[in-house]
Amino acid sequence: MAVSKLRLSVLDQSPVPAGSTPAQALRNSISLAQHVESLGFNRFWMSEHHAMDTLACSAPEIVLARIGGETSTIRIGSGGIMLPHYTPLKVAESFRTLHALYPGRVDLGIGRAPGGGPVEATALRRNRNVPQTDDFLDQLSELLAFLNHEFPAAHPFSRIKVSPEMPGSPDIWLLGSSMWSASTAAEFGLPYAFAHFFSPEPTRAALQQYRHEFTPNGALGDHIRTAPESMAAVGVICAETQAEADRLYSSVKLLQLRIRQGDRSPIASPEDALRELPNYPQQAEPGEFPRYVAGTPDVVKAALLKMSEALHLRELVVNTIVHDHEARLRSYTLLAEAFA
């Protein structure tokens, strides 16, 4: 696959550096969106996480409304909206509003994970008075019907006009990190974004299964795919030297170890991370490809091209978490320059 064929996009989680504030993390997200737009990245997605000191973006649709106004060409979207917490109509209204404000630029990435711990998931439940059931497939079908006016005439919801009413709709992606999500995306004919940086073991198998099982879905309206479309999200830290990239990466290594122990503290500085990391047992990197690629521009470029070619991907979504915001901006600059 030629370099020019590989598109690069961004997943931002509004990381909160130690010593800073969640409010500043959100302002950093706006700054980052403007920066990567100027560098030519394809899309800018915001994640949804709840009750975490580590990450500030708990309401991506609100932040996206601001980011859309601060940018002009880059696609904006959710990576993703955790659909089990919401009614499909409310999600459809929120993203039709974004579509009305920024037509032709809005992606609606849908996820099934809670975006937090079990207590937060309980607090976010739509109805705590009945036993919890997994109705994600029904929710997804209903959301597609609301967005694309596909309810049968006899259905009571067919009379609902999802406002604001205007031509077109957000482009829906299914997010996932499992074989189940791959099959679901294929069954619904949706484009599929695999969270490799979160769950690297099944990446190749999930993407292969998605392509093998994919079936076009006429209910997607203007956004129907006649062939499978997929991308993967991978962590990247790019710096002028390998030593500097490794130093910056220490913050992420510590973050990953802390999260496994239920510690959701803000992002440690490299200096603090390097002091604390020896207290944790070393663990082998799982999966065929690394979750995070840290290195010089040439090293990162080679690793991303190898991954994209092996997995037959034309787009990768880059997630960069470091303690220093200027270092994060610089990482994306170096990455863009490497891919010209």
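Me: Is Tyr210 buried or exposed?
Reply: Happy to start there, with a note that this is a predicted model, where local features need pLDDT of at least 70, side-chain atom pairs count only at pLDDT 80 or more, and totals for chains, interfaces and linings use all residues. Residues are numbered from 1 along each chain as its sequence is written, and side-chain values use heavy atoms, leaving out hydrogens and water. Buried means under 20% relative accessible area, exposed over 50% and partly exposed in between, with a 1.4 Å probe and protein chains only. Tyr210 has 0% relative accessibility, so Tyr210 counts as buried.

Me: Which aromatic pair do Tyr210 and Phe214 form?
Reply: Rings of Phe, Tyr and Trp (its six-membered ring) pair if their centres lie within 6.5 Å; planes under 30 degrees apart are stacked, over 60 edge-to-face, and the rest tilted. Here the centres are 5.8 Å apart and the planes make 75 degrees, and the pair of Tyr210 and Phe214 is edge-to-face.

Me: Which cluster do ring pairs build with Tyr210?
Reply: Phe214 has a relative accessible area of 11%, so this residue is buried. Ring pairs link the cluster of Tyr192, Phe194, Tyr210 and Phe214.

Me: How are α3 and α5 oriented to each other?
Reply: Helices are DSSP runs of H or I, at least four residues, numbered from the N terminus. Helix α3 (residues 88-101) packs on helix α5 (residues 136-148) at about 40 degrees, with axes 9 Å apart. Angles under 35 degrees count as roughly parallel, over 145 as roughly antiparallel, 65 to 115 as roughly perpendicular and the rest as oblique. The two helices, α3 and α5, are therefore oblique.

Technical notes
Axes fitted to C-alpha atoms, helices over the stretch in contact; angles between N-to-C directions.
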